[in-house]
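Please look over the notes below with the model open beside you. They go point by point.

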Amino acid sequence: MNRHVVSALVENRSGVLSRVSGLFSRRGFNIDGLTVGETENPSVSRMTIAVTGDEQVLDQIIKQLGKLVDVIAVRELDPASCIRRELMLIKVKADESVRPAVIEIASIFRSRIVDVSPSTITIEATGDSEKLEGLLLLLRTYGIIELARTGLAAVERGSSILNITI
């Protein structure tokens with residue numbers, strides 16, 4: 001079972017997200033991550049969907065998504081030729097005694113400190129999943145109080161684009 005990233009351009013209107021997620025639940029497919037946002041064209045949104053499954057599951061997902069009226073274009077993004085990023089906010093226990101160590105770890109991972117209180121530090125981190133998992137691994141030692149992740153955003157490298165086919 002492999003992790004796949006599917007990118008879809010969809011009409012930017014109410015109910016589209018519900019129809020897409022409903023398709024997944026009706027077919028028994030699990031969504032590992034889902035990110036949706038407006039594109040450079042305000043009438044179009046990009047969905048980045050992370051799923052786990054074999055090639056047959058992936059083919060089924062792409063075919064089923066392509067049949068939805070609101071879906072303009074859909075395809076899998078090849079991991080070798082796309083840029084994947086995620087944003088994460090991590091609130092860590094950090095009193096005065098451990099604060100320098102937590103700040104150093106954040107710095108090593110090129111993360112930003114976005115809030116400090118007497119007992120906590122909140123870190124903003126962006127990067128690929130492996131980088132973020134590495135950061136979490138080191139911060140767990142200090143106690144993660146709260147965690148928020150955006151989900152994956154991905155685009156293809158170079159001049160290759162997912163575009164509207166009319």
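**Notes on the predicted model**

1. Thr120 first. Leaving aside its neighbours within four places in sequence, Thr120 is in contact (heavy atoms within 4.5 Å) with Lys91, Val92, Ala94, Asp115 and Ile145. Thr120 is buried, at a relative accessible area of 10%; buried means under 20%, exposed over 50%, and partly exposed in between, with a 1.4 Å probe and protein chains only. Its side chain also makes a polar contact with the side chain of Ser117, at 2.7 Å. A polar contact is a pair of N or O atoms within 3.5 Å; within protein, one must be able to donate a hydrogen and the other to accept it, and residues adjacent in sequence count only if both atoms are side-chain atoms.

2. Ground rules. This is a predicted model: local features need pLDDT of at least 70, side-chain atom pairs count only at pLDDT 80 or more, and totals for chains, interfaces and linings use all residues. Residues are numbered from 1 along each chain as its sequence is written, and side-chain values use heavy atoms, with hydrogens and water left out.

3. Where does Thr120 sit? It is found in strand S7, residues 120–127. Helices (H or I, at least four residues) and strands (E, at least two) are DSSP runs, numbered from the N terminus. S6 (residues 112–116) and S7 run antiparallel, joined by four bridges. Two strands pair if DSSP finds at least two bridges between them. Val116 has Ile121 of S7 as its bridge partner. A hairpin of three residues links S6 to S7.

4. The open sheet. Four strands lie in the order S2-S3-S1-S4, with antiparallel pairing. S2 (31–38) and S4 stand at the edges, each with a single partner strand, so one side of each has no neighbour in the sheet. S1 and S3 pair over ten bridges, in the antiparallel sense. Within that pairing, Leu9 has Arg46 of S3 as its bridge partner.

5. Helix H2, residues 55–67. Its buried residues are Leu58, Ile61, Gln64 and Leu65. What covers them includes strand S1 (2–11), helix H1 (16–27), strand S3 (44–53) and strand S4 (71–76). The face turned away from the buried side carries the exposed residues Gln56, Lys63 and Lys67. An α-helix has 3.6 residues a turn, so residues three or four places apart point the same way.

6. The start of H2. Here a side-chain oxygen of Asp54 reaches to within 3.2 Å of the backbone nitrogen of Gln56.
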